[in-house]
Amino acid sequence: MNGPHDLGGQMGFGPVSPEPNEPVFHAEWEKRALGITLSCGAFGAWTLDESRHARENIPPAQYLDASYYEIWIRALETLLERHGFASDEEISAGHKLQEPAKPKRVLTADMVPGVLARGGPCDRPVDTEPRFAVGDRVRTRNFNPVTHTRLPRYAREKTGVVEAVQGSFVFADDNAHGRGENPQWVYTVVFDGGEIWGEGADPTLTVSIDAWESYLERV
């Protein structure tokens with residue numbers, strides 16, 4: 001979707017200024033925000049892609065005014081309410097007012113090291129051969145869904161060259177909305193600066209993105 005999270009190429013937001021020696025957390029509450037989000041994700045009620053879309057749906061003024069972990073917590077409140085684990089009233093009150101939905105599983109302290117070590121692999125086998133190969137010229141589709149997509153606005157309807165075939169992975173655009181994993185081949189596509197940014201772009205610049213097969217058409 002075209003939301004406040006998709007700022008690639010947008011003007012007026014100032015330079016990107018990495019913080020020297022940036023700490024993992026800037027405040028103690030951020031540690032709890034991470035832990036709570038991961039613990040609730042372990043309930044098995046939503047996918048990683050659905051959680052991303054919940055963040056994207058935060059109203060722009062609130063999204064842009066929030067820190068990284070504030071965005072996580074606001075999206076988590078949406079997910080907890082959507083799936084019956086907590087109501088708005090309970091979140092405001094800070095305690096349970098009714099019986100919540102039952103999670104599929106509960107992450108206990110002794111499980112954390114193993115769960116984090118396994119991560120959440122999203123590579124999946126597919127029955128088809130890849131449509132494109134390294135060196136093929138391709139064009140990205142031009143679409144503006146209100147649902148989740150991993151194709152950024154700045155790279156839509158642009159022509160580039162396939163740089164690598166990465167394998168087959170869960171199709172996030174479907175998985176975010178309960179339509180199944182529907183894995184597809186994913187390709188790294190490289191664009192030159194002029195194709196992305198037009199006149200005045202740095203001629204030495206290239207931009208690479210990873211794109212699912214359904215984003216692409218052959219040139």
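1. Domain 1 and domain 2 bury about 580 Å² between them, with 45% of that area on carbon and sulfur atoms. Buried area here is the accessible area (1.4 Å probe) that two parts lose on being put together, summed over both. On the domain 1 side, Asp49, Arg52 and His53 are worth a look: these three supply 68% of the area that domain 1 buries against domain 2, more than any other three residues.

2. A word on the basis of these values. This is a predicted model, where local features need pLDDT of at least 70 and side-chain atom pairs count only at pLDDT 80 or more, while totals for chains, interfaces and linings use all residues. Residues are numbered from 1 along each chain as its sequence is written, and side-chain values use heavy atoms, with hydrogens and water left out.

3. Where do the two domains lie? Domain 1 covers 28-118 and domain 2 covers 136-218, with bounds that come from an automatic or database domain assignment. Their centres, taken over C-alpha atoms, are 29 Å apart.

4. Which residues meet? Six residues of domain 1 are in contact with nine of domain 2, contact being heavy atoms within 4.5 Å. Three residue pairs across the interface are in polar contact, both residues at pLDDT 80 or more. A polar contact is a pair of N or O atoms within 3.5 Å; within protein, one must be able to donate a hydrogen and the other to accept it, and residues adjacent in sequence count only if both atoms are side-chain atoms.

5. How many salt bridges join domain 1 and domain 2? The count is zero, although the structure as a whole holds nine. The rule asks for a side-chain nitrogen of Lys or Arg within 4 Å of a carboxyl oxygen of Asp or Glu. Lys31 and Glu28 are three residues apart in helix H1 (residues 28-41), so about one helical turn separates them.

6. The chain has eight helices and five strands. These are DSSP runs (helices H or I, at least four residues; strands E, at least two), numbered from the N terminus. From that end, the order is α-α-α-α-α-α-β-β-α-β-α-β-β.

7. Residues 1-105 are 48% helix and 0% strand, whereas residues 121-217 are 9% helix and 34% strand.
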